Amino acid sequence: MQLQLDVLDAVRSVMGRSGAHLHAPFTDFEDREMVSQAVREGNVSAVGSYVSEFESQLSSLLGGSAVVATSAGTHALHLALITSGVQAGDEVIIPALSFVAPAAATSQMGAIPHFVDVEDETFGMNPESLRQHLLAVSTTREGRTFNRMTGRRLSAIIAVHIFGHPCRITELSTVAGEFGLTLIEDNAEGLGSTYKNQPLGTFGHISVLSFNGNKIVTTGGGGAIVSRDHELVDRARHLGSTAKLPTPFRFKHDEVGFNYRMPNLNAALGCSQLKKLSKFVDRKRNLFRQYKSAFASVKGVRIMSDPSSAKSNFWLQAMVLDPHFRDQRDSILEVLNGAAFQSRAAWDLLTEQKPYETSPRADIRCAQDLQPRIINLPSGVDAI
Ligand SMILES: *Cc1c(COP(=O)(O)O)cnc(C)c1O
């Protein structure tokens with residue numbers, strides 16, 4: 001039990017004695033005022049000025065890219081896949097260690113997730129092993145890449161920044177280019193992080209954000225698509241608003257659309273939350289430093305730090321057990337949660353989830369080795 005107690009002591013020394021949530025949303029007076037204002041104006045749903053205000057604030061944070069806000073990050077991923085030219089029956093490269101959304105959005109449009117390995121240093125996709133895997137399984141015909149084993153076209157890569165830590169996105173972009181694959185950046189967890197001094201969410205052909213209640217900035221629920229390709233974002237906006245043509249007094253739809261718009265009420269909350277983003281990131285980075293020093297003397301664990309060339313927003317703080325302590329994860333979780341410090345394991349690998357048991361996959365030994373050793377510690381910005 002020594003390790004369990006050492007971990008509990010370290011968490012207590014950072015969080016105080018009375019317990020802490022994993023990640024409660026932080027809202028203040030200004031947030032409440034903004035939402036009330038939207039209610040008073042009567043524009044609670046799809047019409048209203050806060051949606052475009054929120055989109056333009058995001059655009060300025062992300063280098064002037066075009067932005068469309070959506071009703072969820074998963075919906076943004078769905079639209080990103082469709083607008084980037086992925087077809088039903090194609091395969092989409094996804095890391096084995098991720099929240100389920102990229103795989104779910106891929107399956108929802110009739111495409112097939114193809115899982116690849118991650119790396120210890122970033123928790124994200126490993127560009128070198130990805131290249132090796134693609135060289136081994138793919139073949140190119142008329143400028144298109146196919147999986148030789150399944151005969152299906154490989155059309156996109158969804159790179160995920162895990163817990164806010166930048167994956168090696170420029171290296172992944174190079175690999176995507178070599179194989180003619182579209183790079184979709186799942187930046188649901190990484191708003192406010194940078195890689196090589198450039199904000200995450202500006203690397204992919206398309207990037208996706210989430211503003212779910214547990215994310216670094218919340219709109220209650222919501223997401224966004226971000227791209228330098230304005231036409232693509234316009235098309236995503238059209239598809240996400242039932243593909244209705246702008247004809248006055250009439251209802252004409254030119255394709256099968258989706259109702260994926262962000263309501264104005266949610267956008268109002270987003271506008272005031274976004275103003276606090278840099279404060280949230282500062283506090284989370286400060287919390288990381290506190291955990292780092294509290295855990296310095298605990299043998300057998302490390303606190304996840306900034307990967308090289310990266311500045312993480314530390315959305316969720318992660319503790320990694322040394323390999324010989326891998327059996328201790330669940331008992332540590334019991335001790336922490338028992339003492340009201342809400343902590344959890346990393347997502348079970350997507351390759352082991354029921355809908356994806358038979359999906360194509362690379363050798364994912366690093367993900368298999370890493371996943372059982374990760375514990376997310378209380379990470380809320382109000383906790384300090
Ligand atoms: C949260 C999240 C999403 C989107 O989730 P929604 O709840 O649909 O907004 C997508 N990908 C990752 C990696 C996430 O963490």
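This report visits a ligand site, a sheet and a few loop residues.

This is a predicted model, in which local features need pLDDT of at least 70 and side-chain atom pairs count only at pLDDT 80 or more, while totals for chains, interfaces and linings use all residues. Residues are numbered from 1 along each chain as its sequence is written, and side-chain values use heavy atoms, with hydrogens and water left out.

**The ligand site**

Let us begin with the ligand. It is surrounded by 13 residues, and the closest are Thr 74, Asp 186, Glu 189, Ser 210 and Lys 215; a residue is near a molecule if one of its heavy atoms lies within 4 Å of it. The table lists some polar contacts, meaning pairs of N or O atoms within 3.5 Å; within protein, one atom must be able to donate a hydrogen and the other to accept it, and residues adjacent in sequence count only if both atoms are side-chain atoms.

| Side chain | Ligand atom | Distance |
|---|---|---|
| Thr 74 | oxygen | 2.5 Å |
| Asp 186 | nitrogen | 2.7 Å |
| Glu 189 | oxygen | 2.4 Å |

On its own the ligand has 380 Å² of accessible area, and the protein covers 91% of that. Such areas come from the Shrake-Rupley method with a 1.4 Å probe; for residues, only the protein chains shown count as cover.

Next comes a sheet. Strands of a sheet pair through backbone hydrogen bonds, either parallel or antiparallel. Here four strands form an open sheet in the order β12-β14-β16-β15, with antiparallel pairing. Its edge strands are β12 (301-303) and β15, each of which pairs on one side only. Strands (E, at least two residues) and helices (H or I, at least four) are DSSP runs, numbered from the N terminus, and two strands pair if DSSP finds at least two bridges between them.

How many bridges join β14 to β16? Strand β14 (residues 317-321) is joined to β16 by four bridges, and Val 320 has Ile 374 as its bridge partner in β16. Strand β15 (residues 344-345) is joined to β16 by two bridges, and here Arg 344 stands opposite Asn 376.

Now look along β16 (residues 374-377) itself. Ile 374 and Asn 376 point one way, Ile 375 and Leu 377 point the other way, and all are buried. Buried means under 20% relative accessible area, exposed means over 50%, and partly exposed is in between (1.4 Å probe, protein chains only).

**Residues in loops**

Is Thr 219 buried or exposed? Thr 219 is buried because its relative accessible area is 1%. This residue belongs to the loop between β10 (206-210) and β11 (223-227), and a polar atom of the Thr 219 side chain lies 2.8 Å from the backbone oxygen of Gly 221.

Ser 309 is not a glycine, yet it has a positive phi of about 65 degrees. You will find Ser 309 in the loop between β12 and β13 (310-311). Its relative accessibility is 48%, so Ser 309 counts as partly exposed.

Ala 340 is not a glycine either, and its positive phi is about 70 degrees. The loop between α11 (329-338) and β15 holds Ala 340, which counts as partly exposed because its relative accessibility is 42%.
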